[in-house]
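Opening the notebook on this one.

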Amino acid sequence: MSRPVPVLVLLLAACLVGCGQEERQRLTATLTSPTDVSLVWEAEPGAVGQVVEYANVPDGDYTVLEFVPPDRTSYEHPDLIPQTEFYYRVRSFHGPASATVDVTLPPGDEVPESDGHAWAEPVTGPSGASPVRSADAGLPDLSAEIKHANGILFTWTDRFEGEEGYLLEVRPSGAAHFSVAAQLDPDVRSFGLITLPTEKNATYRVRAYYYGAATNVAHQKTGDTA
């Protein structure tokens, strides 16, 4: 079961090469059926992850398809709208991650009737002063408070400046890798996560991130299904 990443503020769209990011990863988009597109690219060495995005116009607002591991170099975009333009790009990201926190939630899915989830709203504080791109930027701290059977409140100290935002990452028990559970604004220091059934026992960390290299923009137009 997958969970759409709650993009609280989608700051991904406007800034790409114009923000000084080097275009270095070669991306190709291939139409493998009238409504399926296959992406292949070159990964950037040293990145901690990559984000695959698409838009329907080349300079439009790009939408996140998936955060993928740093060594992954392909993505399948299936079941698309026929006769529609699709533009793709892949951006690498970097940044320090906190130590991990293990959380075991109570059994069941009971939520108190009085809980309006106000505690889950992101809280933003003043920006920190440590440049997130510096080698000695340090690491975020992280603590977790169980709110109910499927709710966890995470808090950390925002000690960075220049970050694109924070990523809350989760690795359910038995999973091999972390995935992004939430994408948050810069300077956020508290956020409540509503978990998936597979996350009763899971490990979490938070990452202050910034973008590295971006690919070229690759284009395909879907065909007819008839």
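Which residues of the largest nonpolar core touch the most other members? I looked them up, keeping in mind that this is a predicted model. The core has 24 residues, and the ones touching the most other members are Phe154, Trp156, Tyr166, Leu184, Phe191, Leu193 and Tyr204. Next I checked where the core comes from: strands 8, 12, 14, 15, 16 and 17 each supply at least two of its residues. Strand 17 gives the most, with 5 residues. I also found a second, separate core of 14 residues, with Leu27, Val37, Tyr54 and Val68 among them.

Then the overall picture. I count 18 strands and 0 helices in the protein. Of the 226 residues, 48% are buried. For contacts with a separation of 6 or more, 75% are between residues 24 or more positions apart. The accessible surface comes to about 10900 Å², and carbon and sulfur atoms hold 51% of that.

Last entry: Glu169, in strand 14 (residues 165–172). Is Glu169 buried or exposed? I get 5% relative accessibility, so Glu169 counts as buried, the cut-off being under 20%. What does the Glu169 side chain make polar contacts with? I found the side chain of Arg205 at 2.5 Å and that of Arg207 at 3.1 Å. Setting aside neighbours within four places in sequence, I also listed the contacts of Glu169: Phe178, Ser179, Val180, Ala181, Thr203, Tyr204, Arg205 and Arg207. Tyr204 was already in my notes as one of the core residues touching the most other members.

Conventions: Residues are numbered from 1 along each chain as its sequence is written. This is a predicted model: local features need pLDDT of at least 70, side-chain atom pairs count only at pLDDT 80 or more; totals for chains, interfaces and linings use all residues. Side-chain values use heavy atoms; hydrogens and water are left out. Helices (H or I, at least four residues) and strands (E, at least two) are DSSP runs, numbered from the N terminus. Buried means under 20% relative accessible area, exposed over 50%, partly exposed in between (1.4 Å probe, protein chains only). A polar contact is a pair of N or O atoms within 3.5 Å; within protein, one must be able to donate a hydrogen and the other to accept it, and residues adjacent in sequence count only if both atoms are side-chain atoms. Contact means heavy atoms within 4.5 Å. Accessible areas come from the Shrake-Rupley method with a 1.4 Å probe; for residues, only the protein chains shown count as cover. A nonpolar core is a set of buried Ala, Val, Leu, Ile, Met, Phe, Trp, Tyr and Cys residues joined through side-chain atoms within 4.5 Å.
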